[in-house]
Amino acid sequence: MSTWIWALVLLAAVWAAHWGAEHLAKPLKKLRQQWGFSVAAGGALVGLAAASPEIGINVASAITGVADIGLGTMFGSNVIAIPFMVITAYIATRHLKKKNADKAHQQHIKEHLLKVDPTAVTVQALPYLVILAVVAILTIPAPWQGLQPVDGWIMLGIYFIYLTQALLRGKEEGEKVEWKKKEIWLAVAGLAALGAGAYFTVRATENIVAALGISKIVGGLFITAPMAALPEVFATWSVAKSGQITSAVTSVIGDHAVTLTVAFLPLALVVVPVNDLPLYITVLSFAALVGILYAAFIHWGGKDGKHGFNRWQVFSLGGVVLVYVGVMLLGVLQVLGGSSGEGAKLFKAFNQDQNDYLEEREFYRAIARMDFFGAWNHNHDQSLSEDEWRAGISEYLGGYKLDQVEEFRAWDLNGNGQIAEEEFRQGLLSAIDIDSNGQISESEFVNLYKEGHKSEN
């Protein structure tokens, strides 16, 4: 199918997933009311349904072997969604109907204030920042870089801690609610729609990034994440127009606290390496910046004991998104080229069929043209000795973990104590093929290029 058709499939799939999430959220909202949890506290519970599209996307991307799409969506949505929702709520509440506005709303309009319950800071924002810090600690340091199964179980445990503290700190008197069979059946239908929507979201993104020639993680960051945020924008508009301002502004935090904990697990179980550390750190840093500004603006935004967002603070959050996009595209990804983008240029040059990977023959041609074997082969004979191999590993693959490189005997396929050029090519492919799919992605190739280039400087 053409790229445009896949784009339409992506749009339909995202809306199906969010339709399912909306109908899953209704029973949880009733439970919140019945059990007497505040709106801010209930966001941690309802966020489980609100984040279910991201959970589904991560499950589908992990199962189908394209975990980078889920990784990009998960972290990209944490940067853009909070500013989008705050801006949407601010605009929606400038002209509320009288029946939906409280007594002080006109004064808030004059003050250009989006009033928010201050408990959103302690119950939602600060725990969210702690979750981000734990993610960084678990996935960035070199000894345990990437998403590992143990990280997933730790983050799942943190979600339950987050949920417990939010619910206990936000306990109020319960309300009597009426349960209808139709709502239950719609929730079941919503679960089915969610699964189908998540699967086709991943499939559509995979085909779009292949057609555009970009990496899967970039597709997740800049295609799937914004698309996934669109239904949330419309939902925020609707909730804010109904006068439920705190709910409209805080639900996004509960949503993304779940995204970084429960939705983290499927990716961690299949093990996702961090292939592009600068990109990863940049995205996490902006997610933390957005969370810090969210908390600070609510706490100090109002006057005379009021809390919320002033107009300049609302649009400052929008400015952060613009800076993020600029830094990512022009700085980290270097879409305008530059010397440090040479690895990506070489990938495109060797990628003759213009798909998302270097096939085996394309990769072998690339390393032959770049003379990797010759660079490792110090005495310029027909094979590598174990000493030459170890020196090459240290010099040209120093940034790779030892378990990715394996042992000398794993490269010495015929067991003669020497590594011939054909054995070298197969061993090198296996070492840098992080996802073990027999093909070399752009990020995998660029990492190899950076290691080799770094050793020459």
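1. In this note, residues are in contact when their heavy atoms lie within 4.5 Å. The model under discussion is predicted. On that basis N377 touches Q382, S383, L384 and E388, with residues up to four places away in sequence left out of the count.

2. N377 is located in the loop that runs between α16 (372-376) and β4 (383-384). Its relative accessibility is 2%, so N377 counts as buried, the cut-off being under 20%.

3. A25 belongs to helix α1, which spans residues 3-35. With a relative accessible area of 7%, A25 is likewise under the 20% cut-off and is therefore buried.

4. Helix α6 comprises 21 residues, 119-139. From its first C-alpha to its last, α6 reaches 30 Å, which is close to the 30 Å expected at 1.5 Å a residue.

5. The packing of helix α9 (residues 216-241) against helix α10 (residues 245-259) deserves a separate entry: the angle is about 145° and the axes are 9 Å apart. On the α9 side the contact is made by E232, T236, V239 and A240, and on the α10 side by S247, A248, D255 and H256. Classified by residue type, this contact of α9 with α10 has three nonpolar, three polar and two charged residues.

Key
Residues numbered from 1 in each chain as written. Predicted model: local features only at pLDDT ≥ 70, side-chain atom pairs only at ≥ 80, totals over all residues. Heavy atoms only, no water. Helix = DSSP H or I, 4+ residues; strand = E, 2+ residues; numbered from the N terminus. Buried < 20%, exposed > 50% of the residue type's maximum accessible area, 1.4 Å probe, protein only. Expected span 1.5 Å × (residues − 1). Axes fitted to C-alpha atoms, helices over the stretch in contact; angles between N-to-C directions. Nonpolar A, V, L, I, M, F, W, Y, C, P; charged D, E, K, R; others polar.
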